[in-house]
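Colleague: I would like to learn how to read a protein model. Could we start with the inside and then turn to a sheet?

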Amino acid sequence: MSHASRTAPRICPLCEATCGLTLTIEGTTVTGARGDRDDIFSRGFICPKGASFGGLDADPDRLRVPLVRGEDGELREASWDEAFDRIAARIPALAEAHGPQAVGVVLGNPNVHTMAGSLYPPLLLAALRTRNVFTASTLDQMPKHVSSGLLFGDANAIPVPDLDRTDHLFLIGANPLESNGSLCTAPDFPGRLRALRRRGGTLTVIDPRRTRTARLADRHVAIRPGADALLLAAMAHVLLEEKLTDPGALAEHLEGADELAVALADFTPDAVAAACDVDAATITALARELAAAPTAAVYGRIGSCTVEHGTLASWLVDVLNILTGNLDRPGGALFPLSATARAPRAAAPGKGFALGRWTSRVSGHPEAKGELPTAALAEEIETPGEGRIRALIVLAANPVLSAPDGDRLDAALAGHLDFMVSVDPYLNETSRHADVVLPPPPPSQSAHFDFAFNSFAVHNQVRYTRAPIPLEDGRMDESEIHARLILAVSGMHGAPPSAVDDLAIATAITKAGAPEELADELTGRSGPERRLDLMLRLGPYGLTLERLLAHPHGIDLGPLKPRVPEILRTRSGRIELLPAPIAADLPRLRRALGARPAPLVLVGRRHLRSNNSWMHNVVSLSGGSNVCTLQIHPDDAARLGLVDGATVRIESAGGGIEAPAEITDTVRSGVVSLPHGWGHSRPGTRMAVAAAHPGANVNQLLDGTLLDPLSGTAVLNAIPVTVTPSP
């Protein structure tokens with residue numbers, strides 16, 4: 001029987017660009033996806049991931065019902081009630097017997113791509129009262145959170161480049177033509193860069209690889225990996241030494257400018273040139289060009305975050321924006337204002353941002369933003385003693401592939417846990433260890449609102465799409481999965497899931513000082529919709545869910561505007577240019593001036609058709625150039641006797657792996673590159689496409705001991721390695 005074809009709008013949940021899609025649907029199947037030309041933000045742009053929406057949505061390897069581990073040790077299909085009964089019987093009992101720290105929680109990056117993943121984990125953590133929280137942030141952007149917290153008093157106050165109005169965009173460690181942007185939500189990043197060039201603007205890219213983004217640049221500087229903070233410090237030194245600084249309207253809100261000049265005095269272009277492998281004249285020119293531009297924005301991402309001095313590099317990105325007067329002005333770097341943000345408050349001193357309020361049990365790692373380093377997860381599970389993690393709840397995360405030393409974590413999950421729960425659509429390298437697996441429905445059967453990414457958008461806007469396809473029989477909405485999980489672990493098993501949303505709404509109303517009657521005015525078909533309606537009503541634009549639903553392609557809220565001093569939450573009420581933790585870490589950066597570089601270092605790379613490990617099971621996104629190869633420069637290949645396409649052995653302090661060599665001059669000499677998120681060769685998974693092209697897990701080269709000390713972020717780039725022909 002044939003079904004009439006129809007179309008429906010849907011915001012793409014597959015990367016941070018949040019493009020609007022128009023889905024073609026036949027019956028209950030997505031048969032096509034194209035860019036939504038009427039979307040007020042993306043204007044019809046689409047990338048290969050969005051075009052593959054239907055293939056990912058209908059992936060036959062997606063789990064459809066819960067799995068529960070039987071007495072024989074095997075996972076079997078079970079009812080939803082049986083799954084939550086098992087959780088309610090185990091997690092509270094373990095917490096009661098061993099204390100709340102016996103339960104650990106791991107959050108993966110897909111959580112910020114769903115409504116449920118954004119709304120419910122904070123409630124879960126509050127119910128568990130555990131400090132053993134690990135997220136993808138300490139494998140990615142935590143240095144930016146920490147530097148923003150120290151500078152502005154709010155770890156989530158992250159300025160983004162005003163792409164559409166800037167005259168000079170300076171990118172370091174970023175490749176948005178492949179990543180589609182990160183901590184900078186910008187549909188059609190390629191088009192925005194081309195528009196920059198058309199209006200006579202300048203694009204500068206600092207990257208050890210000649211990426212697709214670098215090929216667009218007016219100036220590409222192939223820096224030595226890991227030297228980002230040194231380069232930025234030297235640029236700041238030039239601005240200060242040559243009196244090229246002009247903070248403009250920010251001047252009255254700054255504290256520590258004189259101390260900053262003293263702290264950076266040793267980082268001259270001549271002093272850092274050898275360590276960066278960038279000559280002093282080029283460094284000086286970079287600083288002068290930045291200062292001379294009518295407007296400019298410095299933007300750094302994962303390549304400058306996941307290195308030994310990631311927090312210092314993230315701090316210096318904003319220092320450069322501040323010194324040149326480009327922070328918080330049109331054409332520079334501004335703070336977005338999302339529709340669900342708290343309404344702006346009057347400028348006043350705040351509580352500030354603190355690091356190290358507690359430490360991890362085994363190695364004493366300080367917390368950052370309430371999280372411990374994901375690299376420390378294995379030792380917290382396997383090391384005996386009071387406070388050992390005995391139960392683990394993993395929400396949309398695959399740390400066996402995404403964290404350092406997956407073999408160690410794999411063994412810890414297999415042999416040292418009493419109980420484990422995974423909320424995941426796949427049986428992957430991590431979830432295969434769970435005692436209960438709770439699968440959310442495919443994205444076509446879920447509503448979508450971008451709570452996180454609207455806070456990083458290059459243009460203020462708001463969009464919401466309801467599920468274009470009804471929930472399939474036997475499936476459970478992701479919000480209900482999370483709500484029932486919270487009830488199961490908090491001693492309220494059996495209560496209606498709506499109780500979780502009702503409590504969240506009542507708490508939010510009380511915290512906002514709003515009248516209790518507001519709860520009765522909220523509209524929506526579900527708890528998440530009522531919570532969204534409340535956040536919109538309490539937000540800075542006074543919107544409602546009803547109004548948002550009347551605009552299926554979104555509401556334009558205008559360009560980014562200056563927001564200092566209202567965003568400041570520091571104890572001084574000012575931007576603190578040289579926070580004490582930063583000043584205390586600068587001697588470590590100073591020592592790097594005399595460090596002898598390794599002959600060969602490893603960096604990662606992104607691909608437009610991949611998003612970490614969870615998109616390797618889609619046929620239309622696999623193959624072609626999206627392969628796990630070790631890119632190496634021809635000079636290095638000749639020196640090491642390597643042949644293009646032949647298998648090579650890569651070794652570091654943490655271990656060894658093998659991968660095919662790809663000889664290319666797109667990577668500078670002294671550097672090799674291997675993509676992240678591969679290694680789909682472990683038994684017991686159910687991801688047939690990924691397993692057919694497993695690749696090598698680059699994180700197996702890391703033992704997890706090398707971290708950026710301020711943020712606890714694993715050092716994933718600039719890792720010394722040796723490469724030899726495979727025997």
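**Reading a core and a sheet**

Modeller: This is a predicted model.

Colleague: Which residues have the most contacts inside the largest nonpolar core?

Modeller: The general idea is that nonpolar side chains tend to be buried together in soluble globular proteins. Here the largest nonpolar core has 63 residues, and those with the most contacts inside it are F170, L230, L231, L232, M235, W315 and I575. Several elements each supply at least two residues of this core, including β9 (168-172), α10 (228-241), α15 (310-323) and α24 (580-591).

Colleague: Which element gives the largest share of this core?

Modeller: That is α10, with 10 residues. Another core, of 47 residues, lies apart from this one; V105, L119, L545 and I555 are among its members.

Colleague: Now the sheet. How do I read the order of its strands?

Modeller: In general, strands of a sheet pair through backbone hydrogen bonds, either parallel or antiparallel. In this case three strands form an open sheet, in the order β1-β2-β3, with antiparallel pairing.

Colleague: Why is one side of β1 and of β3 left without a neighbour in the sheet?

Modeller: Both β1 (5-11) and β3 (29-35) stand at the edges and have a single partner strand each, so one side of each has no neighbour there. From one strand to the next, the twist averages 30°.

Colleague: How many bridges join β2 to β3?

Modeller: Six bridges join β2 (residues 20-26) to β3, and the two run antiparallel. As for E26, its bridge partner in β3 is T29.

Definitions and conventions
Residues are numbered from 1 along each chain as its sequence is written. This is a predicted model: local features need pLDDT of at least 70, side-chain atom pairs count only at pLDDT 80 or more; totals for chains, interfaces and linings use all residues. Side-chain values use heavy atoms; hydrogens and water are left out. Two strands pair if DSSP finds at least two bridges between them. Helices (H or I, at least four residues) and strands (E, at least two) are DSSP runs, numbered from the N terminus. Axes are lines fitted to C-alpha atoms, for helices over the stretch in contact, and angles run from 0 to 180 degrees between N-to-C directions. A nonpolar core is a set of buried Ala, Val, Leu, Ile, Met, Phe, Trp, Tyr and Cys residues joined through side-chain atoms within 4.5 Å. Buried means under 20% relative accessible area, exposed over 50%, partly exposed in between (1.4 Å probe, protein chains only).
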